[in-house]
Amino acid sequence: MRAHVSAVLMAVVLAALSGCAQPHPPAPAGATSPARAHPDFSGFWNLDMKVPRDPQLLAQVAPNTAFLDDTGPVEFPAGEFGGLKLKPAALEAARKWSPYEQLKPENACKPPSIVYAMQGPFPIEIFQSDKLIVMKLEYYDMVRIVFLDGRKPESDYPHSPEGFSSGHWEGDTLVVETTHLEPATITNNGLDHSENVRVLERFKLGADGKTLLSTQEFEDPQVLDNRGVRFIAWSKQPGQHVYPYECDPGFAGNYSPPGEVKSRKK
Amino acid sequence: MARREQQPGIILRLCVSLAMAVGCGGAIAHHSFAVFFDTQSQLRKVTGVVKEFRFTNPHGVVTLAVKQGGHEITWRAETNSPSILRRRGWNAQSLHVGETITVEGWPARDGSNYMRLRAVTRANGEPVGTQPTPLKE
């Protein structure tokens with residue numbers, strides 16, 4: 001179902017992109033169209049943990065922010081949150097967290113929010129125009145739309161794993177702010193952000209144009225006493241496309257909570 | 001649990017090391033590898049006959065009939081995300097029911113006949129798919 005919704009959404013978005021991509025009127029000599037003035041992030045990008053952290057991006061991170069060194073396959077064990085300072089209620093919830101909850105059939109195919117999904121070891125594919133940018137994540141068939149036209153979410157805009165993203169260019173850097181995210185995991189070990197989390201991402205190309213560099217800052221005063229940031233980078237792989245994820249909740253049947261473990265021993 | 005709280009970095013570093021060696025973590029979808037699989041014990045190797053092969057996200061699962069003494073027991077091996085495995089030469093027809101294979105992987109912490117797959121070889125020694133590229137140097 002989710003893949004179907006994503007496919008429909010992609011079709012609508014690609015139609016919009018197609019409209020946006022109509023040829024610009026001839027520009028006067030010496031002028032540059034807005035779309036051409038910005039770096040082109042289009043293409044297939046695979047997470048690449050060998051890319052060095054970008055000092056310029058990290059220098060822009062706000063004070064009181066913990067650097068989470070868990071990008072990619074690395075995950076913090078229970079009780080470790082990479083320097084994030086949890087409010088008492090969040091800490092208590094993390095202590096009570098059971099990893100089996102996410103392996104129930106009703107949860108096995110529930111996507112996390114972009115806070116966790118963007119740093120995962122799965123590729124993304126980007127479609128870009130001067131009006132919006134679409135990021136199709138392989139992970140759980142997630143599709144992000146970053147509006148570049150300054151629009152704001154309606155008062156009743158729903159919360160979702162992708163949220164509402166608006167972006168603008170600061171030189172060659174795309175700055176994206178995302179709100180309206182459903183509560184979901186931050187570190188995959190019991191720490192969840194609230195629906196009031198605010199995410200600020202900066203994206204720019206590496207010097208050779210073959211790497212995409214980003215910082216993902218998030219703040220959630222309902223859950224955290226400080227802020228968090230990850231450095232996430234991808235390498236471009238021409239000719240590839242994101243595959244369908246098509247999650248199967250039947251996978252959850254391979255797991256049983258403690259106490260029911262013996263049912264799996266056959 | 002207490003040991004984890006005293007030495008929180010060890011499991012993290014171990015997972016990084018595994019990711020460097022074989023990309024184990026690349027398999028992580030939405031459930032924590034370190035929570036469910038014992039990365040500190042030796043890899044388990046089991047030979048059996050394929051009874052079922054599910055190649056769907058978030059993880060594929062191979063079910064094997066394994067002879068043990070005079071009995072037949074069932075083992076299951078959980079694969080990496082199929083969308084990742086496709087880029088390593090796997091597909092839904094990579095394993096066939098009735099085929100004898102050997103699976104190697106990290107055993108489940110709960111002691112059940114369940115593992116996280118690291119590698120599969122056919123009866124003739126041919127590996128299935130390719131090994132992942134190290135993620136960190």
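Reader: Which residues touch the most other members in the largest nonpolar core?

Author: This is a predicted model. Its largest nonpolar core has 46 residues, and those touching the most other members are Leu84(A), Leu191(A), Phe203(A), Phe218(A) and Trp234(A). Helix α6 of chain A, residues 114-117, supplies the largest share of this core, with four residues.

Reader: What does Phe203(A) touch, leaving out residues up to four places away in sequence?

Author: Its contacts include Phe41(A), Met118(A), Met135(A), Leu174(A), Val176(A), Leu212(A), Leu213(A) and Trp234(A). Among them are also Arg144(A), Asp172(A), Thr173(A) and Ser214(A).

Reader: And how many residues are in the second core?

Author: The second core is separate and has 19 residues, including Phe55(B), Ile101(B), Val103(B) and Met115(B).

Reader: Let us stay with chain B. How many helices and strands are there?

Author: Chain B has four helices and five strands. Along the sequence they follow the pattern α-α-α-β-β-β-α-β-β. The chain has 137 residues, and 54% of them are buried. Of the contacts in chain B with a separation of 6 or more, 58% are between residues 24 or more positions apart.

Reader: Which side chain joins that of Glu78(B) in a polar contact?

Author: The side chain of Arg116(B) does, at 2.8 Å. Beyond its neighbours within four places in sequence, Glu78(B) is in contact with residues of both chains, including Phe251(A), Tyr255(A), His31(B), Phe37(B), His59(B) and Tyr114(B).

Reader: Several of those are aromatic. Which residues form one aromatic cluster?

Author: The cluster is formed by Tyr100(A), Phe251(A), Tyr255(A), Phe36(B), Phe37(B) and Tyr114(B).

Reader: How many aromatic pairs are there over all chains?

Author: The count is 17. One of the pairs is Phe122(A) with Tyr139(A), which is stacked because the ring centres are 4.8 Å apart and the planes stand at 20°. Phe122(A) is in the loop between α6 and β3 of chain A, while Tyr139(A) is in the loop between β4 and β5, 17 residues apart. Both residues are buried.

Reader: Why is the pair of Phe122(A) and Tyr245(A) edge-to-face?

Author: The planes of these two rings stand at 75°, with centres 6.0 Å apart, so the pair is edge-to-face. Tyr245(A) is in the segment after β12 of chain A, so the pair ties together parts 123 residues apart in sequence. Phe122(A) has 4% relative accessibility and Tyr245(A) has a relative accessible area of 2%; each counts as buried.

Reader: Now to charges. How many salt bridges are counted over all chains?

Author: There are 20. One of them joins the side chains of Glu99(B) and Arg122(B), at 2.6 Å from N to O. Glu99(B) lies in the loop between α4 and β4 of chain B and Arg122(B) in strand β5, so this pair ties together parts 23 residues apart in sequence. Another joins Arg118(B) and Glu104(B) at 3.2 Å. Arg118(B) is in strand β5 and Glu104(B) in strand β4, 14 residues apart.

Reader: Finally, where is the place of Asn226(A)?

Author: Asn226(A) is in the loop between β11 and β12 of chain A, and it is buried, with a relative accessible area of 6%.

Reader: What does the side chain of Asn226(A) reach at 3.0 Å?

Author: It reaches the backbone oxygen of Gly83(A). A polar atom of the Asn226(A) side chain also lies 2.8 Å from the backbone nitrogen of Lys85(A). Leaving aside neighbours within four places in sequence, Asn226(A) is in contact with Asn64(A), Ala66(A), Gly83(A), Leu84(A) and Lys85(A).

Methods. Residues numbered from 1 in each chain as written. Chains lettered and ligands numbered in written order. Predicted model: local features only at pLDDT ≥ 70, side-chain atom pairs only at ≥ 80, totals over all residues. Heavy atoms only, no water. Salt bridge = Lys/Arg side-chain N within 4 Å of Asp/Glu carboxyl O. Helix = DSSP H or I, 4+ residues; strand = E, 2+ residues; numbered from the N terminus. Buried < 20%, exposed > 50% of the residue type's maximum accessible area, 1.4 Å probe, protein only. Contact = heavy atoms within 4.5 Å. Polar contact = N/O pair within 3.5 Å; in protein donor to acceptor, adjacent residues only side chain to side chain. Core = buried A, V, L, I, M, F, W, Y, C linked by side-chain atoms within 4.5 Å. Phe/Tyr/Trp six-rings, centres within 6.5 Å; stacked < 30°, edge-to-face > 60°.
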